[in-house]
Amino acid sequence: TPTQKMNVLSGLLQDSLISTGHVECCTIIKRSDGSIVATSIGYEPTGEQVTALQRAFEDSMAARTQGIRFNGSLYKCVRADKTSVYAKKEGSGFVAVQTSSYIVYGSYSSSMFPSVCVEAVEKLGEYFREKKK
């Protein structure tokens, strides 16, 4: 059922991202319709956030040159291509990875290591690619 799937994916977010201690919040978004498939506890992405992530993948050149407006702030885009988007603002930032079915998003705060967040989100994206998801 959809609820069981969400619980499994929420557990996956907890085990593979939040447990690193370097991912503040995370979500899995269904690419086909922008719906939220799973989130970390207490995080509820807005439609505006989902749209910003979708646009960054659709027009990676604009994301790289103009930045990404997210959470009401302009983030500097440090990577944007067909599979990954990395953005930062002061000491915080986010990583988004696109697979055939999903966008996996994770953010980090100034007290966390961005490299660990990148590695964890990319690894989860690779897991979904291997599963053809």
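Student: Which strands does α2 lie across in this predicted model?
Tutor: α2 lies across β1, β2, β3, β5, β6 and β7. Its direction makes about 165° with that of β3.

Student: And what does α4 touch on the sheet?
Tutor: α4 packs on the sheet and touches β1, β4, β5, β6 and β7. Its direction is at about 165° to that of β7.

Student: Why is Leu53 called buried?
Tutor: Its relative accessibility is 3%. The cut-off for buried is under 20%, so Leu53 counts as buried. Leu53 sits in helix α2, residues 47–58.

Student: What is Leu53 in contact with, beyond its neighbours within four places in sequence?
Tutor: Ile29, Phe70, Phe94, Ala96 and Tyr105. Contact here needs heavy atoms within 4.5 Å.

Student: How far apart are Leu53 and Tyr102 in space?
Tutor: 11 Å, C-alpha to C-alpha. In sequence they are 49 residues apart.

Student: Why is β1 described as largely enclosed by the rest of the structure?
Tutor: 5 of its 6 residues are buried, so the strand is largely enclosed. β1 covers residues 25–30.

Student: What makes β1 and β7 a pair?
Tutor: Pairing needs at least two bridges. β1 and β7 are joined by 6, so they pair. They run antiparallel. Thr27 stands opposite Tyr105 in β7.

Student: How do you know that β1 pairs with β2?
Tutor: The threshold is at least two bridges. These strands have 3, so they pair, in the antiparallel sense. Thr27 stands opposite Thr39 in β2, and Ile28 stands opposite Ala38. β1 and β2 form a hairpin with 5 residues between them. Gly34, in the turn, has a positive phi of about 75°.

Student: What is the strand order of the open sheet?
Tutor: β2-β1-β7-β6-β5-β4-β3, 7 strands with antiparallel pairing.

Student: What makes β2 and β3 edge strands?
Tutor: Each pairs on one side only. Neighbouring strands of this sheet are turned by 25° against each other on average, direction ignored.

Student: Which residues touch the most other members of the largest nonpolar core?
Tutor: Leu9, Leu13, Leu17, Ile28, Val104, Val121 and Phe128, out of 21 residues. At least two residues come from each of α1, β1, β2, β6, β7 and α4. α4 gives the most, with 5. Apart from this core lies another, of 20 residues, including Ile29, Ala52, Ala56 and Cys77.

Student: What does Leu13 contact, leaving aside its neighbours within four places in sequence?
Tutor: Its contacts include Ile18, Cys26, Ile28, Ala38 and Leu124.

Notes
Residues are numbered from 1 along each chain as its sequence is written. This is a predicted model: local features need pLDDT of at least 70, side-chain atom pairs count only at pLDDT 80 or more; totals for chains, interfaces and linings use all residues. Side-chain values use heavy atoms; hydrogens and water are left out. Buried means under 20% relative accessible area, exposed over 50%, partly exposed in between (1.4 Å probe, protein chains only). Helices (H or I, at least four residues) and strands (E, at least two) are DSSP runs, numbered from the N terminus. A nonpolar core is a set of buried Ala, Val, Leu, Ile, Met, Phe, Trp, Tyr and Cys residues joined through side-chain atoms within 4.5 Å. Axes are lines fitted to C-alpha atoms, for helices over the stretch in contact, and angles run from 0 to 180 degrees between N-to-C directions.
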